[in-house]
Amino acid sequence: MLSRAATRRSYSTAVQAVVKTTARDTTGNLTNLTVVVNNSGSKAGKSGISHLLSSFNFLNTGAKSALRFTRESELLGGQFSSNVTRDAIVLNTSFLKTDLPYYVEALGNVLSNTSFRPHELVENVLPVVKSQYESAIKSNSYLALEELHELSFRKGLGNPLLYDGTNKITLDEIKEFAAQSYTKSNISVFASGAIEEDLVQFINDSSFSYLPSGDASSVAPVTLFKGKEARIRSGGESAVFIGVPIKPTEFAKYEVLSAAIGSSILNSDITAPLYKLAGVDASSSVLKYKDAGLFVISVKGSAAAVSTAAKQLKTIVDSADVKAATKKAELSIALQSTFESPLSFKAEATPVKLGAFNYVAIGEVDALPYADEL
Amino acid sequence: MLRGSGVRSIKNFTCRRLLSSANGPTKYTSLSNGITIASEINPNATSSTVAAYIGAGTRAEHQYNNGISALTTNILASGYENGVLLSSDNSKEANGIIAQTTNDNVVEAGKTIAKILSNPTAILEKADYGVAKAKLISIAEAIESNPSTKVLEHLDASAFQGYSLGLPTFGTTDSIKDLQLEDSQRLLEKYLVGSNVVIAASGNFDHDALADAIESSLKVQQAAKPIVKTASFLGSEVRMRDDTLPKAYVSIAAQGEGLSSPAYYVSKVAAAIFGDFDHHSSIAPYTSAKLASLVQEYHIVDKYTHFSRSYADTGLWGFNAEISNIGAVDEFVHFILKDWNRLSISISNAEVARGKAAAKTALLRELSSTNAIVADIGTKILLSGYRNSVKEALEKIDAVTTADVKAWGQASLWDKDIVISATGQIEALMDYGRNRNEMAMMRW
């Protein structure tokens, strides 16, 4: 039975699920059940509020205490986590196939019935959020990427990914943000290793059906900014980051460019020009969001080596052989494509010049070049 | 009490409708030159991986050519050609030449692997050893500069001192410096033989087409599988005190189980019973392991993981921890070793049930990418001669009883020698004798 079902990737048709559902059955014994709450990532609301809301997930709900859920889940061997991205809050669970109804119900409770107790904000959420933020900012690469997003998008996608404590955010604001975000129209459920009809049935019988329908939030159009520069003095590794904000329609050609010069996805490709730069760790990538993207080239290492290598970047990009890299880009796209976010575009060999870009230098900035010196 | 299907699923395993099939059918083909090709077909895979695993690693090295198997594999398996991305996977007992490609291009990946295996000397002669050695040195140094990985590397080095298994996986700066082409050739002459190579593949493709492509272009010498000397575990400790680091990093282990040991899954369950803990997690106060509830109240540890790692003939079973409360290192080590004692005496049915469930999902979760699947197939077939199906593995975990766990604890942990590896601010880590004494108690 299962072997026949294995290749099926279906969308709900017979009984309509109350939220958008995508399921596929697999031959294995594990189910990965993911809830993506769109329009609620760090681009939405007050800076940092989505990180706080995400950290409230899987705490006390009206139906079950956090203690009870954690321990029941341990007994089933399941794992759960909630992460914030720039676009969405993503709740991941993985468990043995037979436990599907349990976790559907648990996720439904989290989304529709979290208690938001005042003491949890102080005791569970804030310390965790603070420790995640503090461990993230130890990395110069993280700081540089945050800055690059701010330069490229200002608001929205330019908001900090994590809560940094600058904004004072009250429990009521978090509750209100949850009420706006956790709506039927924002939520997509992905289940790998589940039978479609069963999943729809379980979802419709669970607290998912109590979610308000919501209206597809009107997203402010994204404006792209270019030609900006920032320099951050910091200990640790020196690095320069170049970022070009792009539209979703340009993902395909920038994936090819990235593959041609040295994509971080294909990081063992010693033939790539970026790989050959002496004494540094250099790669490129296309960060893909719903409404925009960011093509990033990073060069890390000692300040002197980074400085020398950075000055070659413009030539490397402008002389990239995109025709020859199409097949390479197809592999890179296949490796990045996941069940939850499949990439549907095909590699597109259009020559791209670097043009205007945003620039971040971090580390020993005294020794690093300015954008106009590249 | 659990609601819904939860309880039923724990009790009535055999009635399960969904668990009746394996992770994916694995197809095997044995070529005339002794090489096995094993493929696990996954119709949902977006890309495919074909890999050749060679039984070598540090077990094929000595201290003067330490790093040669990783260096040779890195040179053979790097770059990109015809839609195939090459990379390497080096461990202490095997080296993988990994080819990743799109599903429709898998035959090309098979041919690339066959080409590399058939004529490695041509690739090695063209390679720039200076650049490859510099890369390997930076990998070896990255392990030493991260305290957590450093502690684990030295745990092996101390436990299996005097044996090739104890050598650092990627060599050391000193040993890599002097390696040259002749060392690679000598290594391949002995270890790149039909009986010592397994080709594993995973993705969405036709196994027979892949096997045909490989068989027609693969030429590998036939010879007896090289004999690997068994390594013996030695209770010992290595302290790398460094007060400039922010925390204390401690790992302690007893001798674990080899890949073909009958207690392989029991030791996995035993490790899962103690599990992992992260103080900076919002559910840390709610986790049920007794050890976790002891340590989180007083914040005497930031993070720990338990592991049961297996090599061909031996293994290591223990924990790796990070402690920022450096005055409490002795308390933490005391509590964790005393909790290990309970495994031999008073471990409860509920704890074993929880450990079994965790071990099962962990096993399934590990096989989540095509690269992870080929590594599992390749190393298990090479090192233990067979690989059981996921179904069989789950059944074996289900068959573990509380009595089995206790018996394993009494045989493998109770009053056994331990190996200790630590770095950072470890002033409060007691001497070896004190910690060794914690492995048993006067009362039962």
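Student: In what order do the 6 strands that form an open sheet with mixed pairing in chain B stand?

Tutor: The model is predicted, and in it local features need pLDDT of at least 70 and side-chain atom pairs count only at pLDDT 80 or more, while totals for chains, interfaces and linings use all residues. Residues are numbered from 1 along each chain as its sequence is written, and chains are lettered from A and ligands numbered from 1 in the order in which they are written. Strands (E, at least two residues) and helices (H or I, at least four residues) are DSSP runs numbered from the N terminus, and two strands pair if DSSP finds at least two bridges between them. With mixed pairing, the order in this open sheet of chain B is 8-13-9-12-11-10.

Student: Which strands of chain B stand at the edges of that sheet?

Tutor: An edge strand here has a single partner strand, so one side of it is left without a neighbour in the sheet. In chain B this applies to strand 8 (236-241) and strand 10 (277-278).

Student: What angle does the direction of helix 10 of chain B make with that of strand 11 of chain B?

Tutor: Helix 10 (residues 264-274) of chain B packs on the sheet, where strand 11 (303-310) and strand 12 (315-323) of chain B are touched by this helix. Angles run from 0 to 180 degrees between N-to-C directions, the axes being lines fitted to C-alpha atoms, for helices over the stretch in contact. Between helix 10 and strand 11 of chain B the angle is about 180°.

Student: Which are the edge strands of the open sheet of 7 strands in chain B?

Tutor: That sheet has the order 1-2-7-3-6-5-4, and its pairing is mixed. Pairing on one side only, the edge strands of chain B are strand 1 (26-30) and strand 4 (79-81).

Student: Which residue in strand 6 of chain B stands opposite B:Ser47?

Tutor: Over 9 bridges, strand 3 of chain B and strand 6 of chain B pair in the antiparallel sense. The residue of strand 6 opposite B:Ser47 is B:Thr102.

Student: Which element of chain B gives the most to the side of domain 1 that touches domain 2?

Tutor: Chain B is divided into domain 1 (24-217) and domain 2 (236-437), bounds that come from an automatic or database domain assignment. Contact here requires C-beta atoms, placed from the backbone, to lie within 7 Å, and 34 residues of domain 1 of chain B are in contact with 29 residues of domain 2 of chain B. Among the elements that each supply at least two residues to this side of domain 1 are strand 2 (36-41) and strand 7 (197-203) of chain B. With 10 residues, the most comes from helix 6 of chain B.

Student: How far apart do the C-alpha centres of domain 1 and domain 2 of chain A lie?

Tutor: Chain A is divided into domain 1 (2-210) and domain 2 (229-373). The C-alpha centres of these two domains of chain A are separated by 30 Å.

Student: Which helix of chain A supplies the largest share of the side that touches chain B?

Tutor: Between the chains, 47 residues of chain A are in contact with 43 residues of chain B. Several elements of chain A each supply at least two residues to its side, including strand 5 (88-96) and helix 12 (326-336). The largest share, 8 residues, comes from helix 3 of chain A.

Student: What radius of gyration does chain A have?

Tutor: Chain A has 12 helices and 11 strands, and its C-alpha trace spans about 60 × 50 × 40 Å along its principal axes. The radius of gyration is taken over C-alpha atoms, and the globule rule is 2.2 Å times the number of residues to the power 0.38. For 374 residues a compact globule would have a value near 21 Å, which agrees with that of chain A, 22 Å.

Student: What percentage of the 444 residues in chain B is buried?

Tutor: A residue is buried if 20 or more other C-beta atoms lie within 10 Å of its own, exposed if 12 or fewer do, and partly exposed in between, with C-beta atoms placed from the backbone. In chain B, which has 17 helices and 13 strands, the buried part of the 444 residues is 52%.

Note on methods. Contact = placed C-beta atoms within 7 Å.
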